[in-house]
Amino acid sequence: MKTRKRNWFFWLLSICLCLTLWPFQRTVKAESAPLDIRADAAILVDAQTGRILYEKNIDTVLGIASMTKMMTEYLLLDAIKAKRVKWDQTYTPSDYVYRLSQDRTLSNVPLRKDGQYTVHELYEAMAIYSANAATVAIAEIIAGSEKNFVRMMNEKAKELGLKDYKFVNATGLSNSDLKGFHPEGTSQDEENVMSARAMATLAYRLLKDHPEVLETASIPRKLFREGTEDEIKMDNWNWMLPGLVYGYEGVDGLKTGYTEFAGNCFTGTAKRNGVRLISVVMNAKDASGKTTKEARFEETEKLFNYGFNQYSLQTLYPKGYQLKGKETLPVVKGKEKEVRVATAKKLSLLVRHGEEKQYKPVYVLDKKKMTNEGELTAPLKKGETVGYMTLEYKGDDSLAFLSPDMQKNIRVPLVTTVEVEKANWFVLSMRAIGGLFADLWTSAAKTVKGWL
């Protein structure tokens, strides 16, 4: 009998403990989420807003190897868009590019010294097969030399707002692998380096500014120079593309990397149910602590599973939402003394399950449109923007972004819902007189009250 009572006691105690701990299990901070990511640095980001969902050592500067080629892709797509370079223009390899292309210990498609190659051919070789000589060829096409191109890479990184980076070549190879042709102004022992935050920011900007990059990055395999004696099979190094060995639903980019200095790295992106995530793992390792090609995909899978399973895209506030108690704003010089305001768009956000009520709406009014007394001045058009609505997070997690300016990605315009015409001179005059008498009456009332 005592044993039965004791069992009931422990059973009830277990239930109480579960109920007590349950809310805390749902609000684990991203940086301490129990993912056990085996990498020197890692990050998971919402590609729509730049919000950080998970982080590990994201500001530590590390080697990036061939993930470098994302910057080369960005500059090429920039040049294509500006029509400084055309897809069908041809290129004949320089001595450096030719010699580098013959090294099959590196990722390469061999190029003929007197061959003619289109920009598009070289781009596909770089984006799919991480072909290094083809990448240098693109650098020469855009900038005349890899030296000039490296300068462009660093300038573009600054322009994009990246922090913690250094580009010394176009490929991500160690300079020591460049057969003495490392770009002038760099040393033989230098490496391309970035932080995980900077790498994710580059991926974020690449997807925002040149989404067409995915058309090529998502190709699992292709033949280079198909139908010719130079035909070479190119298998995409991104093994997480559907149909490949680590295929993952929704993955369509972006870039792998490996050097002895950097270890195995991967910047990935996947889209499911309208949600796109960006991930970065740097020097990924297996359970024994060894860096492997497989580990970079296994650790990325953990990140994607966490993001897609724990978060969903939700409309927190619909279009036309009005904050209770702030449905109107005061107006001066108008036929009406106030105007109704509402959000011009719905406000959606990637939200962790169970945290929907942790986001509170906040109005931020445009100070340039407000008087010192906090009033709008007529006339006002219907749909005129008078500020914006954003969110304040009340949960235990952090609401962090790749950069502070990305906070603007969680705001929607606050607009007038009706037109307010300017009052004519007579109405304004009567209001002024009425205001004068009101002031006199108030003053007189205060005087009489003082006498009493």
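In what order do the 5 strands of the open sheet with antiparallel pairing stand? In this predicted model, the order is 2-1-12-11-10. Strand 2 (52-56) and strand 10 stand at the edges, each with a single partner strand, so one side of each has no neighbour in the sheet. From one strand to the next, the twist averages 5°. Helix 9 (residues 293-310) packs on this sheet and touches strand 1 (39-46), strand 2, strand 10, strand 11 and strand 12 (275-284). The direction of helix 9 makes about 145° with that of strand 12.

The chain as a whole contains 10 helices and 20 strands. It has 452 residues, of which 47% count as buried. Among contacts with a separation of 6 or more, 69% come from residues 24 or more positions apart.

In general, strands of a sheet pair through backbone hydrogen bonds, either parallel or antiparallel. Across this pair of strands, Thr 256 stands opposite Phe 266 of strand 11.

The side chain of Asp 252 forms a polar contact of 2.9 Å with the side chain of Arg 276. Leaving aside residues up to four places away in sequence, Asp 252 touches Leu 214, Ala 217, Ser 218, Leu 241, Thr 269, Ala 270 and Arg 276.

The peptide bond joining Gly 253 and Leu 254 is cis, with an omega of about 10°; Leu 254 belongs to strand 10. A cis peptide bond is also found from Ala 378 to Pro 379, where omega is near 10°. Pro 379 is located in the loop between strand 18 (376-377) and strand 19 (385-393).

Most residues other than glycine have a negative phi, and most peptide bonds are trans. Positive phi values occur in this model at several residues, including Asn 57, with a phi near 50°. Asn 57 lies in the loop between strand 2 and strand 3 (62-63). The relative accessible area of Asn 57 is 42%, which makes this residue partly exposed. Asn 283, which is not a glycine either, has a positive phi of about 55°. This residue is part of strand 12 and is buried, at 16% relative accessible area.

Asn 283 is also one of the residues touched by Asn 264. Asn 264 is located in strand 11 and has a relative accessible area of 3%, so it is buried. Its contacts, not counting residues up to four places away in sequence, are with Gly 257, Tyr 258, Val 281, Met 282, Asn 283, Ala 284, Thr 291, Thr 292, Lys 293 and Arg 296. Toward Thr 292, the side chain of Asn 264 reaches the backbone oxygen at 3.5 Å.

Helix 2 (residues 69-81) was examined separately. At 1.5 Å a residue, its 13 residues should span 18 Å, and the end C-alpha atoms are 18 Å apart, in agreement with that expectation. Helix 2 is largely enclosed by the rest of the structure, because 12 of its 13 residues are buried. The buried residues are Lys 69, Met 70, Met 71, Thr 72, Glu 73, Tyr 74, Leu 75, Leu 76, Leu 77, Asp 78, Ala 79 and Ile 80. Just after helix 2, the backbone at Lys 83 adopts a positive phi of about 65°.

Key
Residues are numbered from 1 along each chain as its sequence is written. This is a predicted model: local features need pLDDT of at least 70, side-chain atom pairs count only at pLDDT 80 or more; totals for chains, interfaces and linings use all residues. Side-chain values use heavy atoms; hydrogens and water are left out. A polar contact is a pair of N or O atoms within 3.5 Å; within protein, one must be able to donate a hydrogen and the other to accept it, and residues adjacent in sequence count only if both atoms are side-chain atoms. Contact means heavy atoms within 4.5 Å. Helices (H or I, at least four residues) and strands (E, at least two) are DSSP runs, numbered from the N terminus. The expected span of a helix is 1.5 Å times one less than its number of residues. Buried means under 20% relative accessible area, exposed over 50%, partly exposed in between (1.4 Å probe, protein chains only). Two strands pair if DSSP finds at least two bridges between them. Axes are lines fitted to C-alpha atoms, for helices over the stretch in contact, and angles run from 0 to 180 degrees between N-to-C directions.
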